[in-house]
Protein chains: 2
Amino acid sequence: MSAVIPPTVAVARGLVEPVLRDAVDRLDPITRRVAAYHLGWADAEGRPVTPGGKALRPALAVLSARAAGAEESLAAAAAVELVHAFSLLHDDIMDGDRMRRHRPAAWTVFGQSAAILAGDALLSLAGEVLLEDGCPGRVPAARCLAAATRRLIAGQALDLEFERRSDVSLDECRQMSTQKTGALLACACSIGAMAVDGPEPLVAALASFGAEAGLAFQLADDLLGIWGSPSATGKPVLSDLRARKKSLPIVAALTSGTRAGERLAALMGGAEPLSESELRDAAALVEEAGGRSWAETEAKHRLDAAERHLADADMPSAVRAEFLDIAHFLTSRGH
Amino acid sequence: MSAVIPPTVAVARGLVEPVLRDAVDRLDPITRRVAAYHLGWADAEGRPVTPGGKALRPALAVLSARAAGAEESLAAAAAVELVHAFSLLHDDIMDGDRMRRHRPAAWTVFGQSAAILAGDALLSLAGEVLLEDGCPGRVPAARCLAAATRRLIAGQALDLEFERRSDVSLDECRQMSTQKTGALLACACSIGAMAVDGPEPLVAALASFGAEAGLAFQLADDLLGIWGSPSATGKPVLSDLRARKKSLPIVAALTSGTRAGERLAALMGGAEPLSESELRDAAALVEEAGGRSWAETEAKHRLDAAERHLADADMPSAVRAEFLDIAHFLTSRGH
């Protein structure tokens with residue numbers, strides 16, 4: 001399962017990156033260095049490197065304005081990426097994740113305090129960049145982004161709570177993913193149209209498209225978190241099981257009522273770190289309990305629902321095709 | 001040195017608190033509980049308690065709108081308090097401070113991850129609350145708050161760096177305090193006038209007043225951090241020396257070129273935690289090296305400068321008097 005990055009993504013990235021760099025340049029030198037490392041622009045010593053990261057959310061925001069028949073709002077696209085970057089920076093600290101995009105996570109390089117501060121700075125910059133733009137819908141766009149941030153935080157709070165609980169239902173887990181991943185993707189897909197004062201029904205359809213595509217993406221990402229190779233994920237193999245994450249396929253298996261699900265619960269309920277062979281057993285049990293096939297089917301359903309929202313919305317057909325390209329890329333490669 | 005809380009502060013607090021509670025009510029239950037504890041509304045179990053904290057910044061923001069001859073902008077006042085609360089929540093984690101306002105700091109009660117998330121949520125809420133208000137100057141006000149947040153973060157980054165350095169100059173230390181404390185106070189004093197579209201010269205004068213008053217406050221707070229009683233500070237005695245903070249009076253002593261300053265540097269340069277008797281020696285050395293009297297004189301100069309900015313600004317004289325009351329309260333009690 002691998003797919004070519006849609007050309008729009010590279011184009012949008014080229015458009016948005018100068019806006020992002022201009023924003024980050026305002027930060028004090030200490031915080032700027034952490035941010036530049038985290039954004040993939042510099043190494044730990046501050047030397048420039050070829051940027052990593054695919055900037056899918058800015059591409060969606062750029063398309064969103066074009067769907068409304070306007071020139072893209074680059075400020076809105078940059079703001080969404082800044083919120084995304086903030087959330088990854090803080091999530092890595094909270095989750096204790098030591099790797100991010102094939103490199104040591106920022107907090108392991110610069111320390112936890114510097115990483116907390118850099119995340120704070122990126123979150124605050126998002127609003128600042130968006131509001132200084134001249135686009136007519138900047139206020140509703142900034143409010144939409146703040147509400148999405150609130151939901152993203154709610155999702156992460158649930159995710160952390162789930163790690164301490166053994167009774168997470170599939171509905172709760174879906175709600176968590178809807179907030180943690182779906183909210184910001186819904187915002188990315190609608191913020192451009194909002195920023196250029198596009199029609200309300202279009203904004204609503206794009207938000208629904210983004211929410212469904214976001215859930216499909218999360219399902220694909222959860223599958224990669226179990227069966228993805230480190231070269232695809234940039235993280236150690238079997239990382240979600242190692243961290244005892246309650247991701248969607250794992251919860252589907254745990255709540256399947258099967259013998260394999262019970263054995264998985266027994267394995268994951270222990271207090272000791274799982275050995276490599278136990279981790280492989282756990283992955284096999286998720287599959288045997290139907291968690292893998294459920295997640296694959298569910299991802300397909302979410303993608304179908306996303307397409308229906310897009311089909312109903314009034315926009316240039318070339319823009320619709322590009323949205324679909326990105327949605328398929330998101331779910332086929334899982335990043 | 002203690003002073004009565006100016007009546008405006010209690011009045012403003014009564015006005016702003018419902019706006020703050022309405023904002024925090026939007027958070028998910030997990031994050032809301034941490035925020036309510038940190039804001040002094042609830043105990044660790046979520047039971048309501050008599051609110052603590054004096055909400056001086058909202059009072060300044062309320063006066064700021066009145067200075068422009070308008071009804072107060074409560075959204076702007078609430079937004080400033082949310083940013084202040086965010087910064088305290090995250091600073092306590094970074095500084096390892098276990099006590100805040102006579103209670104265990106939120107991160108010691110709910111864990112570090114929950115406290116990081118709650119701080120993120122309060123920062124994001126600040127922009128959300130401000131932008132949904134109908135006041136004509138909400139966009140410049142939100143941009144001003146974001147820029148102040150950026151400077152506050154820069155100040156905290158420097159403060160953390162100073163803990164690892166032994167060569168901090170008094171100028172660097174002053175710059176750090178200007179950013180860490182002065183920026184948000186300058187914003188609090190000017191954001192109300194900005195939100196109600198007050199005249200630019202008034203906004204500028206109020207910002208300058210706030211910046212100077214903020215520096216005076218920081219100096220008073222630094223003095224309390226060495227000589228304040230736990231009942232006044234809510235923290236253990238001699239806490240800044242214990243944490244080897246490079247606060248203004250300490251840096252003034254270290255850079256005084258006196259024999260006492262050299263002995264202080266030797267004491268503070270060690271790697272081991274300081275004993276209670278060493279801490280008392282260190283405090284005596286700060287005084288002997290002139291750090292205490294320098295800070296007291298400097299605080300007076302800053303307060304005089306603040307008063308001059310206020311005298312030059314065109315506003316109702318009753319509002320000017322209330323601003324001055326708060327500035328004197330800030331620096332006489334240091335909280």
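**Entry 1: a term, and a loop.** Helices and strands are DSSP runs numbered from the N terminus, where a helix has at least four residues and a strand at least two. The model I am reading is predicted. With that definition in hand I looked up B:His102, and I found this residue in the loop between strand E1 (99-100) and strand E2 (103-104) of chain B. Its phi is positive, about 65°, although B:His102 is not a glycine. I noted beside this that most residues other than glycine have a negative phi. B:His102 counts as partly exposed, because its relative accessibility is 48%.

I then turned to A:His102, which sits in the loop between strand E1 (99-100) and strand E2 (103-104) of chain A. Here phi is near 65°, again a positive value in a residue other than glycine, and A:His102 counts as partly exposed at 49% relative accessibility.

**Entry 2: chain A as a whole.** I read off 16 helices and 2 strands for chain A. Along the principal axes, the C-alpha atoms of chain A fill a box of roughly 60 × 50 × 30 Å. What radius of gyration does chain A have, and what would a compact globule with 335 residues have? Chain A has 20 Å, and the compact globule would be near 20 Å, so the two agree. Of the 335 residues of chain A, 57% count as buried. I also wrote down that, among contacts between residues at least 6 apart in sequence, 74% join residues at least 24 apart.

**Entry 3: how the two chains are related.** Chain A is superposed on chain B by a rotation of 180° with 0.0 Å of shift along its axis, and the RMSD is 0.0 Å. The two copies are thus related as by a two-fold rotation axis. I looked next at where they meet: 100% of the interface residues of chain A are also interface residues in chain B, so the copies meet through the same surface.

**Entry 4: the nonpolar core.** The largest nonpolar core has 178 residues, and those with the most contacts inside it are A:Leu122, A:Leu145, A:Phe323, B:Leu145 and B:Phe323. Which residues does B:Leu145 touch, not counting residues up to four places away in sequence? Among them I listed B:Ala79, B:Val80, B:Val83, B:Leu184 and B:Ile191.

**Entry 5: aromatic pairs.** My search of the whole structure gave 4 aromatic pairs over all chains. One of the pairs is formed by B:Tyr37 and B:Phe110, which are edge-to-face, 5.4 Å centre to centre with 70° between the planes. This pair links distant parts of the chain, 73 residues apart, with B:Tyr37 in helix H2 (residues 29-38) and B:Phe110 in helix H5 (residues 106-110) of chain B. B:Tyr37 is buried at 5% relative accessible area, whereas B:Phe110 is partly exposed at 22%.

I also looked up B:Phe209 and B:Phe323, whose ring centres are 5.3 Å apart and whose planes are at 70°, so the pair is edge-to-face. B:Phe209 lies in helix H9 (residues 200-227) and B:Phe323 in helix H16 (residues 317-333) of chain B, so the pair ties together parts 114 residues apart in sequence. B:Phe209 is buried, with a relative accessible area of 1%, and B:Phe323 is buried at 0%.

How values were computed. Residues are numbered from 1 along each chain as its sequence is written. Chains are lettered from A and ligands numbered from 1 in the order in which they are written. This is a predicted model: local features need pLDDT of at least 70, side-chain atom pairs count only at pLDDT 80 or more; totals for chains, interfaces and linings use all residues. Side-chain values use heavy atoms; hydrogens and water are left out. A nonpolar core is a set of buried Ala, Val, Leu, Ile, Met, Phe, Trp, Tyr and Cys residues joined through side-chain atoms within 4.5 Å. Buried means under 20% relative accessible area, exposed over 50%, partly exposed in between (1.4 Å probe, protein chains only). Contact means heavy atoms within 4.5 Å. Copies are superposed by least squares on the C-alpha atoms of residues with pLDDT of at least 70 in both. The radius of gyration is taken over C-alpha atoms; the globule rule is 2.2 Å times the number of residues to the power 0.38. Rings of Phe, Tyr and Trp (its six-membered ring) pair if their centres lie within 6.5 Å; planes under 30 degrees apart count as stacked, over 60 as edge-to-face and the rest as tilted.
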